[in-house]
Amino acid sequence: MGKVIAVCISEKRGFQKTNIHTARLIEDWGIERDAHAGKWHRQVSLLSYEKIREFNDRGADVSDGAFGENLVISGLDLATLPVGTRFRCNDAVLELTQVGKECHHGCEIFQKMGECIMPKNGVFTRVLHGGTVSEGDCFDIIEEGEISCIV
C-alpha cells in the first residue's frame, strides 16, 4: 500500500513543479493545469518518496517536484513494477506506461550531483479514470482480476 506525499504541477514546461497539495486528474489527459498533461502516454509522472529521500541523504537537497514528478508516492518501489500496472487513488485510476526517461545533462540536479534519479526511478502513467488526489491519500496497486472503477 502506498501513500501520496505530494501533488505537484507546473503550468509552463521547463519549470520545476510546485506542490499544490491536491489536484483533479482528468481522464485521458492528466492533472488539471499541468503543462505536461495531454493525449499521450506520459500524462502523470510518479516518483517514490524513498528514492528522493535517499538522493537527498547524498546531498542533493531537492524539494517535491524538483525532478518534474507530479505525484510523490511512499511505500511503493514504482520502478520495479511492470508496464501495465494499474493504480487506484480514490476514484482515480492510473496505468503505468513507461519506466524511466532520459535526463538532459544540463539540468541543475545533474550539474550538482552528477546524476539524476528520473532515468531509473521515475515512472509515467496515463489516466484511465479521473478523480481528485490529495496528500495523505492511499495509493494502491490494483491487483489483476480486481474490479476497478473503470466504466
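The structure holds zero disulfides, a disulfide being a pair of cysteine sulfur atoms within 2.5 Å. In general terms, such a link is a covalent bond between the sulfur atoms of two cysteines. The sulfur of C138 lies 7.8 Å from the closest cysteine sulfur, that of C89, and this is too far for a bond. C138 is partly exposed, with a relative accessible area of 40%, whereas C8 is buried at 0%. Here buried means under 20% relative accessible area, exposed means over 50%, and partly exposed lies in between (1.4 Å probe, protein chains only).

The model is predicted: local features need pLDDT of at least 70, side-chain atom pairs count only at pLDDT 80 or more, and totals for chains, interfaces and linings use all residues. Residues are numbered from 1 along each chain as its sequence is written, and side-chain values use heavy atoms, with hydrogens and water left out.

The protein contains three helices and 11 strands, arranged along the sequence as β-β-β-β-β-α-β-β-β-α-α-β-β-β. These elements are DSSP runs numbered from the N terminus (helices: H or I, at least four residues; strands: E, at least two). Of the 151 residues, 46% count as buried. The accessible surface comes to about 7800 Å², of which 49% belongs to carbon and sulfur atoms; accessible areas come from the Shrake-Rupley method with a 1.4 Å probe, and for residues only the protein chains shown count as cover. Among contacts (heavy atoms within 4.5 Å) between residues at least 6 apart in sequence, 70% join residues at least 24 apart.

In soluble globular proteins, nonpolar side chains tend to be buried together. A nonpolar core is a set of buried Ala, Val, Leu, Ile, Met, Phe, Trp, Tyr and Cys residues joined through side-chain atoms within 4.5 Å. The largest such core has 22 residues, of which L46, L71, L78, F87, L94, V133 and F139 touch the most other members. At least two residues of this core come from each of several strands, including strand 1 (2-9), strand 5 (44-48) and strand 8 (92-99). Apart from this core lies another, of 14 residues, among them C8, A66, F67 and V72. Leaving aside residues up to four places away in sequence, L78 touches L46, L47, S48, I73, F87 and V123.

Three strands form an open antiparallel sheet in the order 4-3-10, where two strands pair if DSSP finds at least two bridges between them. Strand 4 (30-31) and strand 10 are the edge strands, each pairing on one side only. Two bridges join strand 3 to strand 4, and I26 stands opposite G30 in strand 4.

Two loop residues complete the picture. Q43, in the loop between strand 4 and strand 5, is buried at a relative accessible area of 0%. Its side chain reaches the backbone oxygen of W40 at 3.2 Å and the backbone nitrogen of V127 at 2.7 Å. E135 lies in the loop between strand 10 (131-134) and strand 11 (138-142) and counts as partly exposed, at 33% relative accessibility. The side chains of E135 and N19 are joined by a polar contact of 2.6 Å. A polar contact is a pair of N or O atoms within 3.5 Å; within protein, one must be able to donate a hydrogen and the other to accept it, and residues adjacent in sequence count only if both atoms are side-chain atoms. Not counting residues up to four places away in sequence, E135 touches V4, I5, A6, V7, N19 and H21.
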